[in-house]
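Good morning, colleagues. Please bring the sequence and the structure up on your screens; I shall speak about confidence, overall make-up and one residue.

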Amino acid sequence: MAAVAGVTVPSGVPGPSGGAGPAGVAGAAVPSVRVLIVDDDALVRAGLSMILGGLPDLTVVGEAADGGEVPAAVAAYAPDVVLMDIRMPRVDGLTATEALRAQPHPPEVLVLTTFDADEQVLRALRAGAAGFLLKDTPPAEIVHAVRRVAAGEATLSPTVTRRLIAHVTAAAPAPVGPDPRRERALRALSGLSERERQVAVALGRGRTNAEIAGELFMSVATVKAYVSRLLTRLDLNNRVQVALLVHDAGLV
């Protein structure tokens, strides 16, 4: 391993421009998916590196032990996906995710957590994380999740989406007086067409593309096109954020 600006970098990993990283070989091929691991537990980092590092289409380009190291690591090694722990002693993963996703053209973020319905997970998803992984997720599922996120797909199944929405509903107290979050959500959704609104509400209910197609008498391909259009029009990163926005607006 080589250390760069407080970030641990596997020897021989190609740099973001396609050249070799420290102790690498000049002109090495650029890996298809570059992964940065951020966790304060060295054993977790080592385990994830072992899981991901031996695959031909995934390369761990660096490791960081705290959210404060993320900006330098991302700038230096241009990862496609960041595996981000939530609980770290100095800068936590939520703060790091919010700062990272606010930047232009950020990498995708997969949140690592020990809880599957944590308020912190919801905050991360609102900030633009593509999904979350439990730390005891089987290795094959971790690999699949990284590949899906790199391909632009959220890693939350409709079942998990429904559970998260139920968690929000149960945990959120009834607002007293005007609710700024509800008002913002209603404004964001007000410019949608009736059909776009129907698809958004279906996402808020945790429906799959196939279920939406059946309910709204569309093809699955048309549903996918509507979902893509919603993400663009609402300036959101994934369908989970659409679901949360619909919930915030009080439409589900």
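The protein averages a pLDDT of 81, and 77% of the residues score at least 70.

Over residues 19-27, pLDDT stays under 50. Where pLDDT is low, the predicted coordinates should not be read in detail.

As to conventions, residues are numbered from 1 along each chain as its sequence is written. Local features need pLDDT of at least 70, side-chain atom pairs count only at pLDDT 80 or more, totals for chains, interfaces and linings use all residues, and side-chain values use heavy atoms, with hydrogens and water left out.

The protein has 11 helices and seven strands. Of the contacts between residues at least 6 apart in sequence, 64% join residues at least 24 apart. Buried residues make up 44% of the 252 residues; buried means under 20% relative accessible area, exposed over 50%, partly exposed in between (1.4 Å probe, protein chains only).

Finally, Arg-45 lies in helix α1 (residues 42-53). Is Arg-45 buried or exposed? Arg-45 counts as buried because its relative accessibility is 14%. Beyond its neighbours within four places in sequence, Arg-45 contacts Ile-37, Asp-39, Asp-40, Glu-63, Ala-64 and Ala-65.

Key
pLDDT = per-residue confidence, 0-100. Contact = heavy atoms within 4.5 Å. Helix = DSSP H or I, 4+ residues; strand = E, 2+ residues; numbered from the N terminus.
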